[in-house]
Amino acid sequence: MNFEHTEDRRMLSDMLRRFVAEQYDFATRERNARLPQGYSPDFWRRYAELGAIGALFAEEHGGLGGAGFDITVVFEALGRGLVLEPLLDALMVGSAIAQAGNAAQREALDGLIAGSITAALAAAEPQSGYALSDVRTRAERSGDGWVLNGAKAVVAAGEHADLFLVSARSAGADDDDEAGISLFLVSAGTPGLTARGYGLIDGGRAAELTFDQVALGPDSLLGEAGAGYALLEHATGRGMLALCAEAVGAMDCARDATLEYLRTRRQFGVPIGSFQALQHRMADVLLEIEQARSAVINAAATLDHPDRVTRERALSAAKYTIGRIGTLVAEESIQLHGGIGMTWELPLAHYAKRLVMIDHQLGDEDHHLRRYIALGQA
């Protein structure tokens, strides 16, 4: 299989990398993080104008690409700048709408691609950990519509999102049953929906959502009632690939910063990079980053594989690899910098923090190792 990017992808990658390098420096990122939304609405629209959001979706859905390698190109560039704008949730919510939405619901996808609205995935709950099937938010029939009650946790940019994709149990034997989960599109400001926002440790903001007798019309249901788990798995699978690609971009920047420090920091009259012990440690880091890149390439190539086990094992393998190697790169980069590596003013500390937190999004290293094994036994 040929893993070389097409000319269009190379052009997109070059454009996004140049834009991030020239327009989204560390100082800009820190200013955006302190905005009320936790990101810049202006930059959100600019990424849409550049085609970064459109590249995440297929042409038949109004996008420009939509394949696994289109996703990795975009998010690797975003990872290099620690970009805060909510493209990850736009990808996951938009993918679910593209997969199962009706004509009216796809208007929201058009708004996402144009950058005129934002969306957030509300799937995690206080007790659920990383299990997508552990859903206690309830959806009950009310006439031809629905009523939602429950709570969702750590909803990225949830304070100011215009639209939420919410998982709720409408049937099923228990709170961990994959059957009986339904997905709903809920607009911000719907009566009974409240959001409590807070800052995140690696920048940006999230919110806890509460649903108290939230009345929804029949057009809010995405796909078939009770059959939302497969759709949720499809959407979060694309999110996992995006996070892995983002991590590779962040690792590359941490690597470059560390190599530059080893070349310029002098001790005993010579650059510390000339010390053999540090060379060996850096060589290990470089090899591990290439291993992570290979895992992401494999996941991207398998993203649309028709066999669920093959596809999901590749995604879990990549997420496990990224979790392990991301932590290694974060720790080694800081240690090779010495005490300065921990300072707030040095971008490296923020790359390290982001790499550690990526491990905890959509399932950490331990979760995906268990999932990979379980899928192999299915």
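**View 1. Buried residues of helix α10.** In α10, the buried residues are L348, A349, H350, Y351, A352, R354, L355, I358 and D359. Buried means under 20% relative accessible area, with a 1.4 Å probe and protein chains only. This is a predicted model: local features need pLDDT of at least 70, side-chain atom pairs count only at pLDDT 80 or more, and totals for chains, interfaces and linings use all residues. Residues are numbered from 1 along each chain as its sequence is written, and side-chain values use heavy atoms, leaving out hydrogens and water. Among the elements covering these α10 residues are α2 (26-33), α4 (68-80), α7 (228-264), α9 (308-337) and α11 (365-377). Helices (H or I, at least four residues) and strands (E, at least two) are DSSP runs, numbered from the N terminus.

**View 2. The span of α10.** Helix α10 holds 13 residues, 347-359. At 1.5 Å a residue they should span 18 Å; the expected span is 1.5 Å times one less than the number of residues. The end C-alpha atoms are 19 Å apart, which agrees.

**View 3. S220 in its loop.** S220 sits in the loop between β7 (205-216) and β8 (221-222). S220 is buried, at 6% relative accessible area. Beyond neighbours within four places in sequence, S220 is in contact (heavy atoms within 4.5 Å) with Q105, W146, L183, F184 and L185.

**View 4. Lining of the second largest pocket.** Which residues lie nearest the centre of this pocket? They are F26, R80, G81, C253 and Y351, out of 17 lining residues. A pocket is an open set of points on a 1 Å grid over the protein atoms alone, where a 1.4 Å probe fits, with protein on both sides within 12 Å along at least five of seven lines; lining residues have an atom within 4 Å of a point. α1 (7-23), α2, α7 and α10 each give two or more residues to the lining.

Definitions and conventions
Buried means under 20% relative accessible area, exposed over 50%, partly exposed in between (1.4 Å probe, protein chains only).
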